[in-house]
Amino acid sequence: MSNCIFCKIAAGEIKSASVYEDEHVYAFKDINPQTPVHLLVIPKKHIASMNEMNAENSALVAKCLEAIPKIAKDLKLDGGYRVIANCGADAGQTVFHLHFHVLAGRPLGEKLV
Ligand code: 5GP
Ligand code: ZN
């Protein structure tokens with residue numbers, strides 16, 4: 001997607017603080033962290049949101065999820081972490097390139113679920 005900020009970040013066209021990269025996945029620090037550790041894990045290929053996940057691209061989404069425990073180990077997130085994917089307006093999704101927030105670094109307080 002030519003006009004997608006996370007596609008540009010994954011391609012290195014916009015700078016980001018990288019924490020992990022492989023063939024299919026890119027992970028970087030959120031520009032507006034809500035917790036001491038706030039990462040975004042994205043597929044390099046453009047998928048707009050969870051609503052666009054299907055049998056053709058679900059393996060790429062799985063690659064993102066598989067990366068998360070590797071990142072957690074590398075960054076020593078031994079106290080645990082929370083993974084969130086906002087999908088659509090009611091969830092407050094603002095960037096329409098599928099991403100998983102990884103929040104950690106302090107007790108995360110009240111849970112929604
Ligand atoms: P959403 O609200 O769509 O679930 O999450 C989008 C996230 O992307 C927000 O937490 C926001 O701070 C982050 N974000 C938006 N633009 C940029 C950017 O240019 N660089 C980085 N590193 N994070 C961004
Ligand atoms: Zn994109």
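Predicted model: local features only at pLDDT ≥ 70, side-chain atom pairs only at ≥ 80, totals over all residues.
Helix 1 gives the largest share of the shell around ligand 1, namely three residues. In total, 16 residues surround the ligand, and the closest of them are Lys29, Asp30, Asn86, Thr94 and His101.

Val95 uses its backbone instead, with an N or O atom 3.0 Å from an oxygen atom of the ligand. The backbone of Ile31 also takes part, and here an N or O atom lies 3.2 Å from a nitrogen atom of ligand 1. On its own, the ligand has 520 Å² of accessible area, and the protein covers 83% of that. In terms of secondary structure, helix 1 (5-10) and strand 2 (25-29) are the elements that give two or more residues to the shell.

Now for the pocket itself. Ligand 1 sits in the largest pocket, which holds about 610 Å³ of space. The lining of this pocket runs to 29 residues, and those nearest its centre are Asp30, His38, Leu40, Asn86 and His101. Several elements give two or more residues to the lining: helix 1, strand 2, strand 3 (37-43), strand 4 (82-84) and strand 5 (100-104). By residue type, the lining splits into 13 nonpolar, ten polar and six charged residues. Asp30, Asn86 and His101 turn up among the residues closest to the ligand and also among those nearest the pocket centre.

Notes: Residues numbered from 1 in each chain as written. Chains lettered and ligands numbered in written order. Heavy atoms only, no water. Near = heavy atom within 4 Å. Polar contact = N/O pair within 3.5 Å; in protein donor to acceptor, adjacent residues only side chain to side chain. Areas by Shrake-Rupley, 256 points an atom, 1.4 Å probe, with all protein chains shown as cover. 1 Å grid on protein atoms, 1.4 Å probe; cavity = no way out; pocket = protein on both sides within 12 Å on 5 of 7 lines; lining within 4 Å. Sits in = over half its atoms within 2 Å of the grid points. Helix = DSSP H or I, 4+ residues; strand = E, 2+ residues; numbered from the N terminus. Points joined across faces, edges and corners; volume = space filled by probe spheres on them. Nonpolar A, V, L, I, M, F, W, Y, C, P; charged D, E, K, R; others polar.
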